[in-house]
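Please open the model in your viewer and keep the selection tool at hand. This tour goes from one selection to the next and says at each stop what is there.

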Amino acid sequence: MRTSPYYAEHENLIDSVSKLVQLELAPHVAQWEKAGYFPNEVFKTLGRQGYLGILVSEQYGGSGGDYRMAGAWCEAFGELSSVGLTVAVNMHSLVISHALERFGSPSAKSRWLPKAVTGDALGAYAFTEPGAGSDLARIRTVASRRGDRWVINGSKTFITNGARADFILVLTKTDPQAGYGGFTTFVVDTQSKGFRVARTLDKLGWHASDTAELSFEDVEVDDSCILGKLGEGWGQAASNLNWERLMLTLTSLAGARMCLEASRRYAGQREAFGRTIGEFPVVAHYMREMERKIVLGESLAHRALDLLCAGGDCRNLVAMAKRMVCDDAVWIADKAIQVHGGYGYTTEFSPERWWRDLRLMPIGGGTSEIMSNIVVKELCR
Ligand SMILES: Cc1cc2nc3c(=O)[nH]c(=O)nc-3n(C[C@H](O)[C@H](O)[C@H](O)COP(=O)(O)OP(=O)(O)OC[C@H]3O[C@@H](n4cnc5c(N)ncnc54)[C@H](O)[C@@H]3O)c2cc1C
């Protein structure tokens, strides 16, 4: 059961995507997770079905949908028990392509977007650096003017799709003296001389998704690669992050629901002491708590989505929702393991992967502590 901010067309999308997840993708997930990679063909399959262009306008081959449609997608696609794959797709299709369309130059948009919506060109977003995550203003990647070109030097880390991307939106400093007005984002072609995937990272979860450290050594780009105008990078990052956080929140909600469903199923079948374990009050209590947290999370996340769709300032609500839902999703996955007992600790049942995968959600896109800071700052204004 899901409270719904969605209309008939969104519910239709949710039904189709849930079927796609269960019938076409779920059967392969265990193999992809084991291999530590999912094939690019997944992007192409989604592209052929029109799912990579939800937030891209028809001019570039997308369907010109809105945040509500994208939210519905997140809640259905998030049912796949490979959060790394889910977020890799969503970052490409809902965050990066969307940012490129909003801010990119006409030539960058026509170069990358038509291929992005078919899955023939994949994108990544590179903010984080080895020395700067939450405190993004500390980034050290610089873009300096040389003749009529820009030359990028620096390194980025933890970049989703970093090893497979064809284009990367790279946050740089173009004027280190100009404070928040000194940041600029460039669209970088990964075939450019001087770009290198330094390494991919081994992780607790998200095994099917590549997370890379990237190196930029004298990578040359021209003015058409600037996202928006020179010096607008910080504002763009803030506005993109807001939507990215809501995307992660809605994806976490879907994962939490899957954990509850798995727990209900298991608790209704597993017997101990002459009854099913779901009849024991303490186990039933776990599931009631899971449901309570999901319902509360839905209320907050859907309210934030409504506000975003209405064009309101939803930064505070998104931060509240991300903090609560992403933390609760980890708790719910943990309790799902508990309900499954020893089997919950094995890879034969889904909760262990949900637990490992959902564990990133209170970290990625802004940690829970940073979300709390945003809320407190807003309260004290
Ligand atoms: C699998 C994976 C995928 C990722 N994908 C991407 C991507 O595609 N693109 C990208 O740019 N980045 C990506 N990231 C990076 C992610 O966004 C950062 O890890 C995250 O923002 C936290 O930064 P950090 O790791 O440097 O932690 P730090 O900023 O060093 O934080 C460490 C701890 O200190 C706490 N802390 C820091 N500052 C404060 C404060 N002011 N108040 C209270 N507590 C504080 C944090 O909450 C955290 O608990 C990814 C990370 C992972 C692991």
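Begin by selecting strand β4 (residues 167-173) together with β5, two strands that run antiparallel and are joined by seven bridges; strands pair in this sense if DSSP finds at least two bridges between them. The names follow DSSP runs numbered from the N terminus, with helices being H or I runs of at least four residues and strands being E runs of at least two. If you pick leucine 171, its bridge partner in β5 is threonine 185. Now select the whole of β5 (residues 183-189): six of its seven residues are buried, so this strand is largely enclosed by the rest of the structure. Here a residue is called buried if 20 or more other C-beta atoms lie within 10 Å of its own, exposed if 12 or fewer do, and partly exposed in between, with the C-beta atoms placed from the backbone.

Before going further, bear in mind that this is a predicted model, in which local features need pLDDT of at least 70 and side-chain atom pairs count only at pLDDT 80 or more, while totals for chains, interfaces and linings use all residues. Residues are numbered from 1 along each chain as its sequence is written.

**The whole protein**

Along its principal axes, the C-alpha trace spans about 80 × 50 × 40 Å. Of the 381 residues, 49% are buried.

**The domains**

Next, colour the three domains separately: domain 1 (8-121), domain 2 (125-231) and domain 3 (239-379), whose bounds come from an automatic or database domain assignment. Between domain 2 and domain 3, the C-alpha centres lie 31 Å apart. Where these two domains meet, four residues of domain 2 are in contact with six residues of domain 3, a contact being two residues whose C-beta atoms, placed from the backbone, lie within 7 Å. On the domain 2 side, the touching residues are two nonpolar, two polar and no charged. In this grouping Ala, Val, Leu, Ile, Met, Phe, Trp, Tyr, Cys and Pro count as nonpolar, Asp, Glu, Lys and Arg as charged, and the others, Gly among them, as polar.

**Around the ligand**

Which residues come nearest to the ligand? Select Phe127, Gly133, Ser134, Thr367 and Glu369, which come nearest of the 22 residues around it; a residue is near a molecule if its C-beta atom, placed from the backbone, lies within 6 Å of it. The shell divides into ten nonpolar, ten polar and two charged residues, and β1 (123-126), β3 (149-160) and α11 (368-379) each supply at least two residues to it. Both domain 2 and domain 3 give residues to this shell, so the ligand lies between them.

**A covered helix and a buried alanine**

Move on to helix α10 (residues 351-358), which is mostly covered, with six of its eight residues buried. Those to select are Pro351, Arg353, Trp354, Trp355, Asp357 and Leu358, and they pack against α1 (8-35), α4 (83-103), α6 (233-269), α8 and α9 (341-344). In helix α8 (residues 315-339), find alanine 321, which is buried, with 29 other C-beta atoms within 10 Å. Leaving aside residues up to four places away in sequence, alanine 321 touches Thr249, Leu300, Ala301 and Ala304.

Finish with the loops, and select tryptophan 206 between β6 (195-200) and β7 (211-221). Its phi is near 50°, a positive value in a residue other than glycine. Is tryptophan 206 buried or exposed? Tryptophan 206 is buried, with 25 other C-beta atoms within 10 Å. Phenylalanine 273, in the loop between β8 (271-272) and β9, has a positive phi of about 50° although it is not a glycine, but with 7 C-beta neighbours inside 10 Å it counts as exposed. The last stop is isoleucine 277, in the loop between β9 (275-276) and α7 (281-309), which counts as buried with 20 C-beta neighbours inside 10 Å.
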